[in-house]
Structure formats: structure tokens, C-alpha cells
Amino acid sequence: MAFLNSRQYCWVAMVVLFVFLACGAGQVTDTATGDEYFYYIPYLTVAIFFMFGLLMDVLFLDDAVFSFDPNYDNWRRRIDPK
């Protein structure tokens with residue numbers, strides 16, 4: 001984790017926070033009806049969304065990965081081997 005920047009550390013912190021919340025929420029069984037309520041599922045869903053956000057951030061949101069240049073001639077000069 002030494003290569004993460006501060007934005008990615010925030011993603012990691014949110015994933016860890018919601019995983020701990022999911023572990024603490026657990027499940028409850030209603031004694032009258034016997035129904036089980038799984039309170040950890042919403043927290044786990046949010047943690048999974050944050051985990052995929054972290055994955056997309058690490059893979060695709062680097063400043064050096066994507067440069068948008070709408071002018072085709074500039075792009076061609078940069079890519080052309082001549």
C-alpha cells in the first residue's frame with residue numbers, strides 16, 4: 001500500500017469502515033415469527049461498491065494514464081514513428 005495516494009487511502013478507509021460495520025451488524029431472529037433479519041447486507045453492499053470504486057481508481061484514474069486531446073493532428077504527431 002505504499003504506492004497509494006491520499007485519495008486512494010480514503011477509499012481504503014471507507015471499505016474498512018463499512019466492513020467493520022457489516023461485521024458488527026450481524027443478524028437478528030424474530031422470536032415471534034421466526035424470521036431472520038440480516039442487518040449486515042446493506043453495509044456489505046456499500047463496502048463492495050467502495051471496493052470497486054477503489055479498484056477503478058487504482059486501475060484507471062491515474063493522471064498519466066489518460067490524456068484527452070481533441071485535435072487529431074496533435075495525437076498523430078505524438079504517435080507517428082517518423
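Q: What are we looking at, and how many helices and strands does the protein chain have?
A: This is a predicted model. The protein chain has three helices and two strands.

Q: In what order do the elements run?
A: From the N terminus on, the order is α-β-β-α-α.

Q: How much of the chain counts as buried?
A: The protein chain has 82 residues, and 12% of them count as buried.

Q: Switching to rings. How many aromatic pairs are there?
A: A search of the whole structure finds four aromatic pairs. One of them is F18 with F50, and that pair is stacked. The ring centres are 5.6 Å apart, with 20 degrees between the planes.

Q: Where do F18 and F50 sit?
A: F18 is in helix α1, residues 6-25, and F50 is in helix α2, residues 40-60. The pair therefore ties together parts that are 32 residues apart in sequence.

Q: Is F18 buried or exposed?
A: F18 counts as buried, because its relative accessibility is 16% and the cut-off for buried is under 20%. F50 has 23% relative accessibility and counts as partly exposed.

Q: What about F38 and Y40, what kind of pair is that?
A: Edge-to-face. The planes of F38 and Y40 stand at 80 degrees, and over 60 degrees counts as edge-to-face, so the pair gets that label. The ring centres are 6.0 Å apart.

Q: How accessible are F38 and Y40?
A: F38 is at 34% relative accessibility and counts as partly exposed. Y40 is at 28% and also counts as partly exposed.

Q: Which residues do ring pairs link into a cluster?
A: W11, F18 and F50.

Q: OK, and F52, where does that lie?
A: F52 lies in helix α2. F52 is partly exposed, with a relative accessible area of 44%.

Q: Which residues of α2 are buried?
A: A47, G53, L54 and D57. These residues cover an arc of only 120 degrees around the axis, so they are on the same side of α2.

Q: What do they pack against?
A: The buried residues of α2 pack against α1.

Q: Tell me about D57. Is it buried or exposed?
A: D57 is in helix α2. D57 is buried, with a relative accessible area of 1%.

Q: Which side chain does the side chain of D57 make a polar contact with?
A: The side chain of W11, at 3.3 Å. W11 also belongs to the ring cluster with F18 and F50.

Q: What else is D57 in contact with?
A: Leaving aside neighbours within four places in sequence, D57 is in contact with R7, Q8, W11 and D62.

Q: Last one. For the protein chain, what share of contacts join residues at least 24 apart?
A: Among contacts between residues at least 6 apart in sequence, 40% join residues at least 24 apart.

Terms used: Residues numbered from 1 in each chain as written. Predicted model: local features only at pLDDT ≥ 70, side-chain atom pairs only at ≥ 80, totals over all residues. Heavy atoms only, no water. Phe/Tyr/Trp six-rings, centres within 6.5 Å; stacked < 30°, edge-to-face > 60°. Helix = DSSP H or I, 4+ residues; strand = E, 2+ residues; numbered from the N terminus. Buried < 20%, exposed > 50% of the residue type's maximum accessible area, 1.4 Å probe, protein only. Arc of directions from axis to C-beta. Contact = heavy atoms within 4.5 Å. Polar contact = N/O pair within 3.5 Å; in protein donor to acceptor, adjacent residues only side chain to side chain.
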